[in-house]
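Here is my note on the model. Please read it with the structure open.

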Amino acid sequence: MLEVTVKATTANLGPGFDCLGLALNIENKVKFIKSDKDFTDKNNIIYQSAKKIFDLSGKTMPPIEIEQEINIPICRGLGSSAACIAAGCIAGNIMSGANMSLDELIEIGTEIEGHPDNIVPAFLGGFTVSSMDEGKVVYFRQDAYEGFKYAVMYPDYTLPTSQARGVLPKEIAFSDGVFNVGKASLFTAAMIAGDGELLKYACKDKLHQPYRKSLVPGFDDIIDKAQSLGALASFLSGAGPTIIAILSKDDNDFETAMKEHLKKIKGKWTLKVVGPSNEGARV
Ligand code: HSE
């Protein structure tokens, strides 16, 4: 039996569309159990990711059972698919004896997921910046600043990434591109420096949130409330519908006040305050 622990991740963090990422302290445990009979759903993304590693290393995958303890909300913009892919790739690497490097697994995981912003922190933990360069993933990773905590707010409905990507424009105005380059750069600097004041100016976006917010009723209301309650930043997590507010570690008032406010918003919202995770996927 092999057990892989994988973390939730948030991507984009406002202006850093498809490049910024952060691991959060919410985890799934995935057990891979050798079996005589293969009951596994072959469409399962964990299974497919493990099998991909077997296939690439020229080995045949034996029958296995997969059991999961799931704490990462599914299809909510918290990297549940990246967590499954990371777990499958890591288990496949060990079970097949392929002995691939972490960077090779990140490449394969990114190919399966389609973009690297959840995959890189799912494997490595911490705060990450990732970008594709001629088909290869190039990334920066640093331990996340421990002085921030994260109010993770999610509704009872799911939002498939494909749907949330489907509402994005094919082209954007040059001025919007310039705006986001500035904000994403400031955001990155603020996360690395642990500068909460800078975050307040950095968390603005013109690339995806304006187009996606119609898919998340109450989005503006929650963002405005988060700001008025003293959040350092607040944004759509990945493709949504989760909204995350970054708080100072010593903020003791936000959680209660926001939980009360969320009762008024359609969608039975849940709020959990969690720390960052500097630990990536582990066996
Ligand atoms: N960067 C991706 C998006 C994350 O916003 O569509 C979701 O997988």
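Into which domains is the protein divided?

1. The protein is divided into domain 1 (2-142) and domain 2 (148-274). These bounds come from an automatic or database domain assignment. The model is predicted: local features need pLDDT of at least 70, side-chain atom pairs count only at pLDDT 80 or more, and totals for chains, interfaces and linings use all residues. Residues are numbered from 1 along each chain as its sequence is written, and side-chain values use heavy atoms, without hydrogens and water.

2. The centres of domain 1 and domain 2, taken over C-alpha atoms, are 24 Å apart. In domain 1, 25 residues are in contact with 37 residues of domain 2 (contact means heavy atoms within 4.5 Å).

3. Why does the ligand lie between the domains? Both domain 1 and domain 2 give residues to the shell around the ligand, so the ligand lies between them.

4. The residues around the ligand include N12, F17, H115, N118 and T161 (a residue is near if one of its heavy atoms lies within 4 Å). By class, the shell has two nonpolar, five polar and four charged residues. Here Asp, Glu, Lys and Arg count as charged, Ala, Val, Leu, Ile, Met, Phe, Trp, Tyr, Cys and Pro as nonpolar, and the others, Gly among them, as polar.

5. Now the polar contacts (pairs of N or O atoms within 3.5 Å). A side-chain N or O atom of D18 is 2.5 Å from a ligand nitrogen. For D117, a polar side-chain atom lies 2.6 Å from a ligand nitrogen. R212 has a side-chain N or O atom 2.8 Å from a ligand oxygen.

How values were computed:
A polar contact is a pair of N or O atoms within 3.5 Å; within protein, one must be able to donate a hydrogen and the other to accept it, and residues adjacent in sequence count only if both atoms are side-chain atoms.
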